[in-house]
Amino acid sequence: MLFSTDYSIIENKEKLNHRFVTIVGEPTNSENSGVIMDKRIEKTRHGIFNAFIELRAKKPLERISVKELCELANINKSTFYAHYLDIYDLSDKIESEITAQIINGIDVDDLMREPASLPKQLAVLYTSRQPLILTIFSGSRTQELPKKILSTIISQLNDKHPELTNDDRLKIMLTYSVFGGYYAFNENRTCSDELVIETLGELSEKLNL
């Protein structure tokens, strides 16, 4: 673990749950297929999500059992397993949803034109999701967010620019930007968000990323 877990940051469970629904989103109608999701499934998943957040704000992922989550969400185990393989599968899916929302704020074409902007862009996106990120990506899951972000960015770049697939220098710079920016942001939570974002931008420019 590269920095300590601080569960005391979650002062208002309802506020955190609201942020989760806003950022990750309750299951909604599929705009592409036109398939309407059953409202009971919507309600069940919403309950599972909120129960998981509440438990995650109190303890490490490894100490959360399916049994206690089901009791909190007021569902039985068979209902849970109809949606997820286990507690880790649930966590991974939530993590992937959060990552997707962050990545949606990054334009890979803009990134190619101005790579130095990545740490600052990510820091801005982290700020708007900070309570949720510090809860879901705490403890043993600390490195999962930058890993997922880096993997997704590289994949998108390779899809749009196949000629960069074997560009090791670019991968090194992206790794530095994603991981360095992420840990700088998280390790300096006592500083103002504005100062961290500004400093990351200045540092990237000075290093000529």
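Reader: Which hand is the crossing in which α5 passes α9, left or right?
Author: First, this is a predicted model, in which local features need pLDDT of at least 70, side-chain atom pairs count only at pLDDT 80 or more, and totals for chains, interfaces and linings use all residues. Residues are numbered from 1 along each chain as its sequence is written, and side-chain values use heavy atoms, with hydrogens and water left out. A crossing counts as left-handed if the near helix is turned anticlockwise from the far one by less than a right angle, and as right-handed if clockwise. The way α5 passes α9 is right-handed.

Reader: At what angle do the axes of α5 and α9 cross?
Author: Helices are DSSP runs of H or I with at least four residues, strands are runs of E with at least two, and numbering starts from the N terminus. Axes are lines fitted to C-alpha atoms, for helices over the stretch in contact, and angles between N-to-C directions run from 0 to 180 degrees. Helix α5 covers residues 87-103 and helix α9 residues 144-160, and their axes come within 10 Å. They cross at roughly 55 degrees.

Reader: How are α7 and α11 set to each other, roughly parallel or roughly antiparallel?
Author: α7 packs with helix α11 (residues 193-206) at about 165 degrees, with the axes 8 Å apart. The crossing of α7 past α11 is right-handed. By angle, α7 and α11 are therefore roughly antiparallel.

Reader: Which residues in α11 do those in α7 meet?
Author: The contact of α7 with α11 divides into five nonpolar, three polar and two charged residues. From α7 come Pro119, Lys120, Ala123, Val124 and Thr127, and in α11 they meet Asp193, Ile197, Leu200, Gly201 and Ser204.

Reader: How many residues apart in sequence are the parts that Tyr126 and Tyr182 tie together?
Author: Six aromatic pairs turn up in a search of the whole structure; rings of Phe, Tyr and Trp (its six-membered ring) pair if their centres lie within 6.5 Å, with planes under 30 degrees apart called stacked, over 60 edge-to-face and the rest tilted. The rings of Tyr126 and Tyr182 have centres 5.4 Å apart and planes at 75 degrees, so this pair is edge-to-face. Tyr126 sits in helix α7 (residues 118-127) and Tyr182 in helix α10 (residues 168-187), so the parts tied together are separated in sequence by 56 residues.

Reader: Which residues form the one aromatic cluster?
Author: Tyr182 also pairs edge-to-face with Tyr183, at 5.2 Å centre to centre and 75 degrees between the planes. Tyr182 is buried at 1% relative accessibility, and Tyr183 is buried too, at 13% (buried is under 20% relative accessible area, exposed over 50%, partly exposed in between, with a 1.4 Å probe and protein chains only). The cluster is made of Tyr126, Phe179, Tyr182, Tyr183 and Phe185.

Reader: What separates the C-alpha atoms of Met112 and His161?
Author: Met112 is in helix α6 (residues 108-113) and is partly exposed, at 33% relative accessibility. Not counting residues up to four places away in sequence, Met112 touches Leu157, His161 and Leu164. Met112 and His161 are 49 residues apart along the chain, yet their C-alpha atoms are separated by 9.8 Å.

Reader: Which residues is His83 in contact with, leaving aside neighbours within four places in sequence?
Author: His83 belongs to helix α4 (residues 77-83), and 26% relative accessibility makes it partly exposed. Its partners are Ile41, Thr44, Arg45, Ile48 and Asp89.

Reader: Is Asn74 buried or exposed?
Author: Asn74 is in the loop between α3 (66-73) and α4. Its phi is near 60 degrees, a positive value in a residue other than glycine. Relative accessibility is 71%, so Asn74 counts as exposed.

How values were computed. Angles under 35 degrees count as roughly parallel, over 145 as roughly antiparallel, 65 to 115 as roughly perpendicular and the rest as oblique. Contact means heavy atoms within 4.5 Å. Ala, Val, Leu, Ile, Met, Phe, Trp, Tyr, Cys and Pro count as nonpolar, Asp, Glu, Lys and Arg as charged, and the others, Gly among them, as polar.
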